[in-house]
Amino acid sequence: MGGFVPAKLRNRVPTQLRRAIPLYILCVIIIALFLNVDTFTVSRTTPVLKRSPSQKVLGESAQPSSTFPKKIWQSWKVDPFSFAIRDSTTAKSWTTKNPGYRYEVLTDNNDMVYVEEHFGPNGFNRPDIVDMYRTINLTIIKADLLRYMVMYAEGGVYADIDVEALKPVYRFVPERYSQSDVDMVIGVEIDQPEFRDHPILGPKSTSFCQWTFMCKPRLPVMLQLVENIMKWLSDIAQQQNVPVSEVVLDFDEVISGTGPSAFTIAVLKEMNRQSDGSKTITWDDFHGMDESKVVSRVLVLNVEAFAAGQGHSDSGNHNARGAYVKHHYHASNWPSKHPRFSHPVYGEVERCNWDVECVKKWDENVETYKTLSAEEQELRKQERKAELARQLEEARAEQEQAMRLEQLGQAQRKAEAEAKAKAEAEAKAMQNAQAQGPALFGFPQQPAPPTKPDHLPPAFPPPPQGQAQDPPFAHPPAQEKPFGSL
């Protein structure tokens, strides 16, 4: 062991110390190995990487749920405590028929908070979506965007505020289907493909309903809709050379940009993305459906389910067993801010409500109008204005007449109610009078003779037998006096 000490130091270091030096060195090596054991150990487990909120990737989701979230979403200007009666009535239909569901309304006062919470830094971290939503000033565009964002973030059922629930939500998925095989439930709204080439009606002639639909959370199609709308709005703003906040849109642009047409295009695209590619999925797969069908995990219900009573598309009526909701349209006043195309003489073709002959006549009139001279066109316009003025005056007169009749009816109902109340009061008085007896009419009532108890002795003892006695308290007979005496 002494070989570990250099020769120059061997004679200077004590022998016992020289013998301990190797032991000291061995201890140092062992301690070093112990302190750096992680450096020489190979982990057999896969490290878990946690993504900070700033690294979240929008579109990632866990394994799809086997069932739909029991949530019902609506959006409106005010909260449910401030609802008008008609809005409160339709809203209560959802909670009444679905008592086990969470119900929530996003309003003009809390929608921005919701968007920031779910799409901001602590959510999906999409500041572009948050900024776009904050910038938009068009109410209908924000309403469409919000429904898609809510369905992506949480899923459940979305319904417009003027939609009434006729059946419970569980009926949305027929018993022959399993919820684990379906990610989305939608219904047909307009099924009029014969108009697909019409210059005005074409883009709206085939569409799925988006005033009511149901989703599981984190569906790519919902995110795609949001991103499509953002790009579309940016393009429109660039074309109009204005900021997004100042974009002006007409009815058809809203429908095609964010409404049913945009919804339908995105859903068909997602169906084809998820299909095996053997066949392109088009509207023809859903035209004239009598029964529901599942395509690429999307359950498509027939037109009667969500859009009954429209008067077109063979939509049936709301009394049918397969009608799940009823759209009252009382909140659908946004077209007043985004008007449809209206011909200066023949008005809006939508007034035909998809009637083939009516639309054909409208088209013919418009084509004939184009062939007229400028003077003849102006004459037609003046005639049309006069006709509209006459119709307006007739409508005003009818309204005034209806108001007068209503006032007369109210007066008559008031008089009838007063007469009825008076008759009831007189009848009640007569009943009370009869209950009180003849005394009420001036006839004295005969008192009942008093009864004499048997145990009391007689008031006066009877006279001795054979002796008469004057009655008690009798006065002596008056003595007659001569005539004229005092």
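Helices (H or I, at least four residues) and strands (E, at least two) are taken here as DSSP runs, numbered from the N terminus. On that basis the protein comes out with 12 helices and 10 strands. This is a predicted model, so local features need pLDDT of at least 70 and side-chain atom pairs count only at pLDDT 80 or more, while totals for chains, interfaces and linings use all residues. Residues are numbered from 1 along each chain as its sequence is written, and side-chain values use heavy atoms, with hydrogens and water left out.

First, the overall picture. Of the 486 residues in the protein, 37% are buried, where buried means under 20% relative accessible area, exposed means over 50%, and partly exposed lies in between (1.4 Å probe, protein chains only). The protein exposes about 31800 Å², with carbon and sulfur atoms supplying 56% of that area; accessible areas come from the Shrake-Rupley method with a 1.4 Å probe, and for residues only the protein chains shown count as cover.

Now to the charged pairs. Side chains of opposite charge can pair when their charged atoms come close. With a salt bridge taken as a side-chain nitrogen of Lys or Arg within 4 Å of a carboxyl oxygen of Asp or Glu, the count comes to 23.

One of these joins Arg-126 to Glu-227, with 3.0 Å between the closest N and O atoms. It ties together distant parts of the chain, 101 residues apart: Arg-126 sits in the loop between α4 (111-119) and α5 (127-135), and Glu-227 in helix α7 (residues 220-240). Arg-126 is buried at 17% relative accessible area, whereas Glu-227 is partly exposed at 28%.

Asp-183 and Lys-216 make another salt bridge, their closest N and O atoms lying 3.9 Å apart. Here too distant parts of the chain are linked, 33 residues apart, from the loop between β4 (163-165) and β5 (184-191), which holds Asp-183, to the loop between β7 (212-215) and α7, which holds Lys-216. Both Asp-183 and Lys-216 are buried.

Elsewhere, salt bridges with shared partners join Lys-71, Arg-102, Glu-104 and Glu-154 into one network.
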